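Subject: Structure handover

Hello,

Here is the structure we talked about. Please open it first, then read the notes below.

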Amino acid sequence: MGTDVRHAVVIGAGLAGLAAARVLADSFEAVTIIERDTLPSVSGPRSGVPQGHHVHALLALGAKVFEGYFPGLRAELEHAGAPVWDWGEGLCAVLPHGTPPPTPMGMPIQTFSRPLLEHVVRGRVTALEPVTLRDGPTVTGLRTTGPGKVTGVRVKHGDSEDEIAADLVVDASGRSSHLPQWLAALGLPNPRTTTVDAQIGYASRIYTYPEGQAPPPWMGLLQPLRAPDFHKGCYAIQIENNVLHVTLHGAGGSQLPHTEDEFLAYAKALPGPIADTITSLTPTSGVRRYARTRNRKIAYHRLPRWPEGLIAVGDAVCTFNPAYGQGMTVAGLEARLLEQTLRGQRARTPLDGHAFQKRLARLTVSPWLMATIPDRAWEKSRLAWPVKAGNWFMNRLIDTVPHDPKLFTAFSSLFHMTAGPLTLADPRLLSRVLVGPPAGGGTHTTAA
């Protein structure tokens, strides 16, 4: 590759890496994505995304961002069988104090498997002229000229090793990122890492409907956990190929199912319609389990210096408990931040990676709090009063939602990141939360 060609390397072909590559293709003459997995030619799970076997959600804001980068994406997914439905009308939310009635919101949601979304987006990105995807190699380190400048990556593929020169390296390698060790080799201190682990686990299966049987009246089922009393819950969505994807989850020492009988027994311990729904369906997969659900934030933005020619995005920087469905949407927002950063600098000047990491840290503050405030309630340590207050408020809000369509709509906008937390500061909504649910409102209970 000629020295006059601006080249970016993206480590990882997950959604964060693909979104970053889409943006980089507008500013760099060449973009190389390096993915250690051998990628399937059709939609299907892969070892590098073990959570791909479980229910995923692209929040409303994320869908808007991805549609902006890939016009017609929603239609392409729909053509592949992914249904589109209104969140307020199609969701069955089994909450501790009842289930909200159908409430039209004008909030279109599309449900699909993670492998389908990744397959379609990957096809869009690799069709871009500047982009090359290399699957199979493993990035083993950074190529540098001294401690202050990254000039590419070192890769290994089988018995062969190579170096790839680049003007910018983007680490989008996810939870398994080796960036802290690579930075240590450049003489940088270990960045501070914050973790919040509710020790939540998942078990998932896929079901098909017997011939002639209608699907359930809902498109999505949401039954969240809540410390300390609600240890078990589930998510279920109708996805492509006319199947129902079901994820059971548990916290606080709940024993997740391994077998078909255990899966059904776990579902029967839950209030709501999930057990009755799956009893009459045909399972088409085994029980898949997953437990890497801790929230983790690496404070790269606080390092005293940062090498030129490097940035990190996605789960390589900040990971969320997947229960809140934020990861893919945040990946899209980080790509948008990268686009804004590239657009705001002079042509062909190096990107200020340190400033980018600081802006990325600010971007993740709100989703981090949304995930970690309820998750901290599961930890054994004593809760700080702001966490207690935040949990009290969110629990009060969720308890009131089944009885108040306006609050249901406001909470849904907050959940889907189309509105910020200040939405709830509206005195008319705030007073509804503080008053709380009506006396005698229904309460669900579940086995611990």
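Start with helix H1 (residues 15-24): ten of its ten residues are buried, so H1 is largely enclosed by the rest of the structure. The buried residues of H1 include Leu-15, Arg-22 and Leu-24. Buried means a relative accessible area under 20%, exposed means over 50%, and partly exposed is in between, with a 1.4 Å probe and protein chains only. Helices (H or I, at least four residues) and strands (E, at least two) are DSSP runs, numbered from the N terminus.

Two remarks on the source. This is a predicted model, in which local features need pLDDT of at least 70 and side-chain atom pairs count only at pLDDT 80 or more, while totals for chains, interfaces and linings use all residues. Residues are numbered from 1 along each chain as its sequence is written, and side-chain values use heavy atoms, with hydrogens and water left out.

Overall shape

The protein contains 14 helices and 20 strands. Its C-alpha trace spans about 70 × 50 × 40 Å along the principal axes. The radius of gyration is 22 Å, which agrees with the value near 22 Å for a compact globule of 448 residues. That radius is taken over C-alpha atoms, and the globule rule is 2.2 Å times the number of residues to the power 0.38.

Of the 448 residues, 55% count as buried. The protein exposes about 19,600 Å², and carbon and sulfur atoms supply 53% of this area. Accessible areas come from the Shrake-Rupley method with a 1.4 Å probe; for residues, only the protein chains shown count as cover. Among contacts with a separation of 6 or more, 72% are between residues 24 or more positions apart. A contact means heavy atoms within 4.5 Å.

Charges and salt bridges

There are 43 positive and 37 negative side chains, and the centres of the two sets lie 8 Å apart. Lys and Arg count as positive, Asp and Glu as negative, and His and the chain ends are not counted. The place of a charge is taken as NZ of Lys, CZ of Arg, CG of Asp or CD of Glu.

Side chains of opposite charge can pair when their charged atoms come close. How many salt bridges does the structure hold? It holds 13, where a salt bridge is a side-chain nitrogen of Lys or Arg within 4 Å of a carboxyl oxygen of Asp or Glu. Three of them are worth looking up.

- Arg-124 and Glu-76 form a salt bridge, with the closest N and O atoms 2.9 Å apart. This pair links distant parts of the chain, as Arg-124 is in helix H5 (residues 114-126) and Glu-76 is in helix H3 (residues 73-79), 48 residues apart. Arg-124 is partly exposed at 22%, and Glu-76 is partly exposed at 33%.
- Glu-118 and Arg-114 meet in a salt bridge at 3.2 Å, N to O. Both lie in helix H5, four residues apart, about one turn of the helix. Glu-118 is buried at 4%, and Arg-114 is buried at 10%.
- Arg-343 and Glu-339 meet in a salt bridge at 2.9 Å, N to O. They are four residues apart in helix H9 (residues 327-343), about one helical turn. Arg-343 is exposed at 61%, whereas Glu-339 is buried at 19%.

Salt bridges that share partners also join Glu-35, Asp-37, Arg-46, Arg-114, Glu-118 and Arg-122 into one network.

Loops

The peptide bond from Ala-227 to Pro-228 is cis, with omega near 0 degrees. Pro-228 is in the loop between strand E13 (220-223) and strand E14 (232-239).

Asn-241 is not a glycine, yet has a positive phi of about 65 degrees. Asn-241 sits in the loop between E14 and strand E15 (243-250) and is exposed, with a relative accessible area of 63%. Met-417, also not a glycine, has a positive phi of about 65 degrees. Met-417 is in the loop between helix H13 (405-415) and helix H14 (427-435) and counts as buried at 18%.

Finally, Ser-285 is in the loop between strand E16 (282-283) and strand E17 (288-290), and is partly exposed at 25%. Leaving out residues up to four places away in sequence, Ser-285 touches Arg-205 and Ile-206. Ser-285 and Thr-208 are 77 residues apart in sequence and 9.9 Å apart in space, C-alpha to C-alpha.

Regards
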